[in-house]
Every structure is written in structure tokens, then in C-alpha cells.
Amino acid sequence: MIHELDRQTRAKIAAGEVVTRPASVVVELVENALDAGAETVEIEVGGDGTDRIRVSDDGSGMTERDAALAVERHTTSKLDDAADLETVETLGFRGEALPSIAAVSRLELTTNAGRPRGTQVVVERGETSVTAAGRARGTTVEVTDLFAERPARKKALASAKAEFARLSRVVTRYALVRPDVRFVLRHDDRETLTTPGTDRFTDTLLAVYGREVASHASTFDASREVRIGTESGDIAIDGVLCHPLVSRARRDHVHVSVNGRALAESRIRRAVSDAYGALLPDGREPVAVVRLALPPSWVDHNVHPAKSDVEFRDADAVADAVEASVTDALSTADLRRSGEVAMDLDASLSPVEAATVFDDVRVIGQFRDLYVLCEVGDELLVIDQHAAHERVNYERLRAAVEEAGVDSVPVDPPANVSLSPPEAALLEANRDAVERLGFRVADFGGGTYRVEAVPAPLGRPFAPDALADVVSDLAAGDVRDPRDELLKDLACHPSIKAGDDLSVEEAARLVSRLGSCETPYTCPHGRPTVLAIDEDAFVRGFGRRSGRLG
């Protein structure tokens, strides 16, 4: 028979929706601190976060009455009725965060709203106690024994280092989109991140990524009028964009917020990447922070229990506004990629003696310094010069590595590489795999690592600062062969780029080498290298009755 669930069971179900891992706890507590107007947020983590998470802020704090109510289900100061859901302007609003956390842990909340004495609320095993406590204005929440009574959930977590890496990404994302707030993150009593809270994007970028990235960054501030249906309004878009010389292998380093909420919003991230366009080499992604502020009624934050996704009334219109604003900012900052081809073409495209499937191809030119145009039989072949050169380099490297393994060479003197806190945590979690690839790395402190040796397939050393890309690849979770990913990256960097002018002889050598490859029709990342247009297409297009001789 259908019956009503008891209160404790309902709380655990809600906790399963909101609190799925330690990073979920940090998201909820950091967002509460920001809603309270905190200027400083300090996060302390023990182990993987199930042992202890402590978040302290200097925000507005709570009275004794509000503190006692805050750990009850569906109690909030941020909504009055259902209509307010349509115009949410705070990060928290459901009134489920603290009770959901308390349902799967021991929760201790100490707070003061600026009164002579503060309040401490402890929730343990469903029992709540409220006592007086001493504390300055603000709130501290300490969560211990997370998932202690839910062994299946605890067992499903990743390693302690991997869980901390997830948690670190959350804090880093909020630190970057809120440069006005000072963030401190400590792990097992070691400080892994400190941002200054100066309200300057570049200062926060320096704290997270280091001087090399921050020195190639430009801030921007834009406003776009957007029409959605019959309604018009402005979208404010600001942030910081790094020069294309500073890039990463994955889009994880495009940090986005929508009305203050830090999100891994794929549509907006893609719009930022699209704005860079040909400024970046193929397979590379920008480092950027982009914040959106739009009318609250244009975005729905109430579409996922963990508030990890939002729904726009018109996602395409918002994405177009972001892409246009970033494109304008890049143009203004003149962040144009320049440089010479990193590999000597004569060495990398030496003549091939073996017969190839491209034996009858005749190079007839180049289009927009992007594509090699070839004639073969009744077809016009269009070859993506960068993708083709990647395939050539990749197969040469793979053959050499299969025969002799990944060689490693010393870096003399050792090079210092700055990693963001999430990258540093991921390196520690995957150190053995990284070293098997040929890197030798020592922790120099403060997010800086000393690269003492690098992989050098075919005797060509990998750049020390590629360590961050390798760590990102290993952490992606979908990499079956880390060594193969390394070779793909190595093949990409020295390859002919879009925009490189080739002579007919150079283009012919490229086509010849491509024809000798085992898999000539795709690059190592799966993109096509060759497109074919048969003569019939031109006959139909021009309304001719037959081909060249007709």
C-alpha cells in the first residue's frame, strides 16, 4: 500500500540528490557564504573530504532563530513563494543544502549576526542541539564523517587525491569568477590556493595559474542588447581572456558564471572557444574567465537538484552574444597568433619511396593558407594541411616509440612550471602514470613544479610546460592509453598550422607522406584529412551537359 515516508527517510533521499560527493558539500557551503556577502571564504579539507570539510566566512551571519531553522528542510531566506523561482537572484534558494548535508554526516554550524554572542547548532544522527557560542560576525560550517552511514556511497568515491581534485576545481572556478572575494583552500593543513580578493581578474589569474598565464591576459567588459521573443534586454559580459599563445588541451580552463553561479556550462564554453577560432591551433582550447549577467527571468536555475545546470530561455541568443563579445575583445586586444613553422618541412616530409594511394595526385595550389588543392582523375581533393601533417608526425612517432619506448632527456637547467590547484592535485593523483610517460617532476611548492626530465620520442624533447596538458588528458577519465595521448599532443605541436604558406613542392611532399600512412584519411584525433569533390558536382552546379571534354 502507498504510505507516507518518515521525515528521516525523506531527508536521506533529498541528500542523495543534492550531496553526491565531497565537492557537492563545498559547492553548497561556498554558495551560502557568497549569498551572505562574504569577503573572505576559507575552506579546509581533510583527506578526500569525507573525514572533514570546514567552510568559514565573514558574511552577515545568522541569529539564533535563523540558525536553528537553517538546518530544517525547506527553510530559506531567499524565496517567499513559487513565483520567486522565476526570478532567482541568489545562489542558494531551495532550503535543502544544510539539512541534506546533515542527513549524511555530522554537521556543526557556528554563526553570529554581529551580536554579543553567537550560536552553535549541531545535527548528529537526526538529533539537533542549539547552544550559545563565541564567534565573530560570519558563519562556520564543519562537516565530519560524511557518508559514514552510507558505505555504498562512500565506496563509490574515487581515490582521496581524485576527490580532492574535483573539490579543488569547484573552489578554483568560484575564485576566478569572484575576484572580489578572497578564497583560501587548505588540504591536510597545507595551503593549496590563496587568492587576494582585490577584484582584479588578473590578480586572481596570477594566484591560480601563475605569472606566465597572467602576463598574457587581457580583461574585457561588454554589453549586448538581445531580443528574446517580444522582450528585449541587455546581457552584461565581462571577464579575462588569455593570449592564444597560452592554451590548454581541453576546454576545462574556460571558466563561466551565469548571474554569479559558477558552472561548467558547455554551450557558453563552446561560444568562447568558437570566438577564438583560427587564433588557436587545432586541438587547443583557450584559458578564459567569462561572466554573464542577464535578466533573472531569462534563465532557470531550478533544473537540476545540484544546480549544476541552467536553462536559458534562448540559449542560441545568449551564446551568440557571448561569441560576438569575445570576438570583439580579442580583436581589440590584437591577440593574433604569429610564429614560424616549428618543424623543418624538408626533414618531416622527406620523399617516400613506397607506392601510395596518392601516386596519381597532382597538387594544383593552396586555398586560404589552410587547404592543399589536388587533382586526381575526375576528382578535386581538398586536404587539411594541419590535420594531414599531424597524421604524418603521429605515425612516425608511434613507430619509433613502439620500437624503442618513450625516451626521456634531462632538462638542464630544470624548468619551473606553474599548475593551477586542480592541476596540481591531478598530478599528485596520477604521478606514477606521468613518470612512466617520461616526465620527472619535483614539487617546488606554491603550485610550482620543477620539471627535471621530459619525454623525447625520436630525440625531440617535449616542452616542459606541456606537463599541464598531459595531466589533463590523464584526468579526463576516457583516456585508454595515456602514452598514445602524449604522442597525439606531440604530433600536433610541430605540425604545419592553418595560415602557413606552402610552396607547391612542400605541399607535394606533404601529400606524398600522407599517402604512405596507415590511416591517411583522419588525423590522430579523428578529424578528416581529405575531402573529395567529383567533377559531376561542378557539371551540375554550372548547368553543363558534361565534363571537361563536353
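In this predicted model, strand 4 and strand 5 form a hairpin with two residues between them. Within the turn, Arg125 has a positive phi of about 55°. Strand 5 covers residues 127-133, and seven bridges join strand 4 to strand 5 in an antiparallel arrangement.

The hairpin of strand 3 and strand 4 has five residues between the strands, and Gly114 takes a positive phi near 90°. Strand 4 itself, residues 118-124, is mostly covered, with five of its seven residues buried.

The helices are considered next. Two packed helices are described by the angle between their axes and the distance between the axes. Helix 6, residues 160-177, packs with helix 7, and its axis also comes within 8 Å of that of helix 13. The table sets out both pairs.

| Helix pair | Residues of the partner | Angle | Axis distance |
|---|---|---|---|
| Helix 6 and helix 7 | Helix 7: 201-209 | about 155° | 9 Å |
| Helix 6 and helix 13 | Helix 13: 421-429 | roughly 175° | within 8 Å |

An angle over 145 degrees counts as roughly antiparallel. Helix 6 and helix 7 are therefore roughly antiparallel to each other. On the side of helix 6, this contact involves Thr172, Ala175 and Leu176. These residues meet Phe201, Thr204, Leu205, Val208 and Tyr209 in helix 7. By class, the residues of this contact divide into six nonpolar, two polar and no charged.

Helix 6 and helix 13 are, by the reasoning of the same cut-off, therefore roughly antiparallel to each other. Helix 6 contributes Lys161, Ala162, Phe164, Ala165, Ser168, Arg169 and Thr172 to the contact. Their partners in helix 13 are Pro421, Pro422, Ala425, Leu426, Glu428 and Ala429. The contact of helix 6 with helix 13 has eight nonpolar, two polar and three charged residues. Thr172 of helix 6 takes part in the contact with helix 7 and in the contact with helix 13.

Notes. Residues numbered from 1 in each chain as written. Predicted model: local features only at pLDDT ≥ 70, side-chain atom pairs only at ≥ 80, totals over all residues. Heavy atoms only, no water. Axes fitted to C-alpha atoms, helices over the stretch in contact; angles between N-to-C directions. Helix = DSSP H or I, 4+ residues; strand = E, 2+ residues; numbered from the N terminus. Parallel < 35°, antiparallel > 145°, perpendicular 65-115°, else oblique. Contact = heavy atoms within 4.5 Å. Nonpolar A, V, L, I, M, F, W, Y, C, P; charged D, E, K, R; others polar. Buried < 20%, exposed > 50% of the residue type's maximum accessible area, 1.4 Å probe, protein only. Pairing = 2+ DSSP bridges.
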